[in-house]
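Welcome! Here is a friendly briefing to read alongside the sequence and the 3D view. Take a moment to look around first, then follow the topics below.

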Amino acid sequence: MLARASEAELIREAQSGSRGAFDSLVRQYEQQVLRLALHLTGSEHDAEDIYQEAFLKAYRYLGNFRFECSFYTWIYRIVTNLCLDQMRRRKTRREGNGVLTDYSGEEIDLLASVSDDRSFSNPAKELERKALGERIQKALEKLTPRERTVFELKHYQGLRLRLIGEMLNTTEETAKNTLFRATKKLRNQLAELR
Amino acid sequence: MKCQIAQERIVAAEYSEMAGIEALELERHLEGCAECRRDREQLRALKVLADAYPVAEPDANLRARARMRLEAALDALPPRRWIERLAQRIMNGFARLQAAPVAAGLLLLAGLAAGSLGGYRLAENRVTIAAPTQRAQAAPVQAQPAVEAWEPAKDEIASVSRIVRQPNSHTVEVSYNQIVAHKVQGSLDDPAIRQLLMLGSRNSSAARVRDDSVGLLADECKAGHGCKTAGIRDALLVALHSDRNDSVREKALEGLQPYVAEDMQVRNAVLEALLNDYDPKVRTAAISILQPVEGDTSVRQVLHSVADSDRNPYIRTVSRQVLENEPEIQ
């Protein structure tokens, strides 16, 4: 309750023009913003651009924030829509290559950064796990940007469908149908792996 | 129920988006439909598969780079004109005014409720005074426990809000939020308490809670109370890698100290903190817990590299001293 009250204070201060208060809000949410953008776009470069654009938008339009939803929902809505735009642009350019890249364009070994004691003793298993992760990523990229976003927000970020609907300016029912379509497509694409 | 509807509902159910009568109807359908049961198994398999593409924490470099770029962009924005600031103040005031009727309504309701409760209590007291013998015969009412029992399987915890350790004892009191705040008290060895502390260590909005949680978990590790199996070590690794609060990262380091020699993952995390953490205190603490490790030259390599070329002269000196004092470091 206290945390929520102090966040509301921060938002009001930031709305009145306090840069310090806005910086505190950025620090509070930047990790979540980057995590979502990085996983959705698969590129550090894109994630950094989305981070930049999202917080600049938040700064410009913070005056329009009316406390009708949480700040978390509000900033997530901005980030999600920027990610959607980015994925749509990429689909048009057909850039997706199923590989996560860092700022300089180098491939990131995402799976190496996840703790798994078994991999130290079994390099073959580690390779297998890495290949599997790449297959999943490719399958995810074949979804439409909206399906990919709903699946990301539900499966990986664990958000409620009602909230996902709100973020994407649609209904809970539509979000549920989109999730159903996404899981169906993924199952078809990954059928031989099971 | 038709199979197509059932299959749509399976997705909702498996993602905890269905309850009540719909869930019961689905269960009933699944009992008699092998095809839909197969469908559910396939969905469960997909959920397991999807986790093979994990959500990685953005590293500190990316975060620092993004923040610097944002700060530069914000600095470049022209300051808001006085007319814009005035308009904003008016809008804020207007928003508060809009909320005023709601607040007044709530106050009125609260007043009515308090009045009714007061009247009820008064009437109840009068009845008690009028019939003391009846009261004496009544069965004793068991007092409600001050702190309720916690059942992790049933509860969805929103966040951990406060942690208090009882003075000179092994007991800790953890406050956490659902829709309403709860409080639970138990030993630090209690898995449920440990689970709450681990949740507290990830509370992104309250640095104090993270600091307390990580501090207590670290103490448990230092005392050798089985941290590795319970996932505490992983919680400390995450805190060391990602927490934005220097004190939390420092405490996480202290808790990881007992595992530096035996656990390569911990050693790598400590070396990464030494190389990349932006707080010199955390980096110095990382140096102090490094130990000689047989068959792993990474500790020596990193210390040499820091001693030779780190931009912080104090860190350079400390690293040199460690290398000189402990020549057996591999």
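This is a predicted model: local features need pLDDT of at least 70, side-chain atom pairs count only at pLDDT 80 or more; totals for chains, interfaces and linings use all residues.

The model scores ipTM 0.78 and pTM 0.51.

**The two chains at a glance**

- Chain A has nine helices and zero strands, so its elements, read from the N terminus, run α-α-α-α-α-α-α-α-α.
- Of the 194 residues in chain A, 35% count as buried.
- Take the contacts in chain A between residues at least 6 apart in sequence: 59% of them join residues at least 24 apart.
- Chain B contains 14 helices and three strands.
- Chain B has 330 residues, and buried residues make up 24% of them.
- For contacts in chain B between residues at least 6 apart in sequence, 54% join residues at least 24 apart.

- Where in chain B is confidence lowest, and where is it highest? The lowest value belongs to helix H6 (residues 132-137) of chain B, with a mean of 42, and the highest to helix H3 (residues 34-50) of chain B, at 91.
- Residues 127-148 of chain B have a pLDDT below 50, and this stretch makes five contacts in the model beyond near neighbours in sequence.

**Where the chains meet**

- The contact between the chains takes 50 residues from chain A and 43 residues from chain B.
- On the side of chain B that touches chain A, the elements giving two or more residues are helix H1 (3-14), H3, helix H4 (60-76), helix H5 (82-130), helix H9 (232-242) and helix H11 (264-276) of chain B.
- H4(B) supplies the largest share of that side, nine residues.
- By class, the side of chain B that touches chain A divides into 24 nonpolar, seven polar and 12 charged residues.

**Helices packing on helices**

- In chain A, the axes of helix H7 (residues 145-156) and helix H9 (residues 172-189) come within 9 Å and cross at roughly 95 degrees. Angles of 65 to 115 degrees count as roughly perpendicular, and H7(A) and H9(A) are therefore roughly perpendicular to each other.
- From H7(A), the contact uses A:Arg146, A:Glu147, A:Val150, A:Phe151 and A:Lys154, while H9(A) brings A:Ala175, A:Thr178, A:Leu179, A:Arg181, A:Ala182 and A:Lys185.
- The residues of this contact between H7(A) and H9(A) are five nonpolar, one polar and five charged.
- In chain B, helix H12 (residues 280-289) and helix H14 (residues 313-325) pack at an angle of about 5 degrees, with their axes 10 Å apart. Angles under 35 degrees count as roughly parallel, and H12(B) and H14(B) are therefore roughly parallel to each other.
- H12(B) takes part in the contact through B:Pro280, B:Arg283, B:Thr284 and B:Ile287, and H14(B) through B:Tyr314, B:Ile315, B:Val318, B:Ser319 and B:Val322.
- The contact of H12(B) with H14(B) has six nonpolar, two polar and one charged residues.

**A bend and some backbone details**

- At which residue does helix H2 (residues 19-41) of chain A bend? The bend is at A:Tyr29, and comes to about 50 degrees.
- Just after H2(A), A:Gly42 takes a positive phi of about 70 degrees.
- Most residues other than glycine have a negative phi.
- A:Asn169 has a positive phi near 55 degrees and is placed in the loop between helix H8 (161-167) and H9 of chain A. With 9 other C-beta atoms within 10 Å, A:Asn169 is exposed.
- B:Asn168 is not a glycine either, yet its phi is positive, at about 50 degrees. B:Asn168 sits in the loop between strand S1 (159-165) and strand S2 (171-177) of chain B.

**One pair in chain A**

- A:Ala8 lies in helix H1 (residues 2-15) of chain A, and is partly exposed, with 13 other C-beta atoms within 10 Å.
- The C-alpha atoms of A:Ala8 and A:Phe71 are separated by 8.6 Å, and these residues are 63 residues apart along the chain.

Notes:
Residues are numbered from 1 along each chain as its sequence is written. Chains are lettered from A and ligands numbered from 1 in the order in which they are written. The bend at a residue is the angle between axes fitted to the seven residues ending there and the seven starting there. Helices (H or I, at least four residues) and strands (E, at least two) are DSSP runs, numbered from the N terminus. Axes are lines fitted to C-alpha atoms, for helices over the stretch in contact, and angles run from 0 to 180 degrees between N-to-C directions. Angles under 35 degrees count as roughly parallel, over 145 as roughly antiparallel, 65 to 115 as roughly perpendicular and the rest as oblique. Two residues are in contact if their C-beta atoms, placed from the backbone, lie within 7 Å. Ala, Val, Leu, Ile, Met, Phe, Trp, Tyr, Cys and Pro count as nonpolar, Asp, Glu, Lys and Arg as charged, and the others, Gly among them, as polar. pLDDT is the predictor's confidence in each residue, from 0 to 100. A residue is buried if 20 or more other C-beta atoms lie within 10 Å of its own, exposed if 12 or fewer, and partly exposed in between; C-beta atoms are placed from the backbone.
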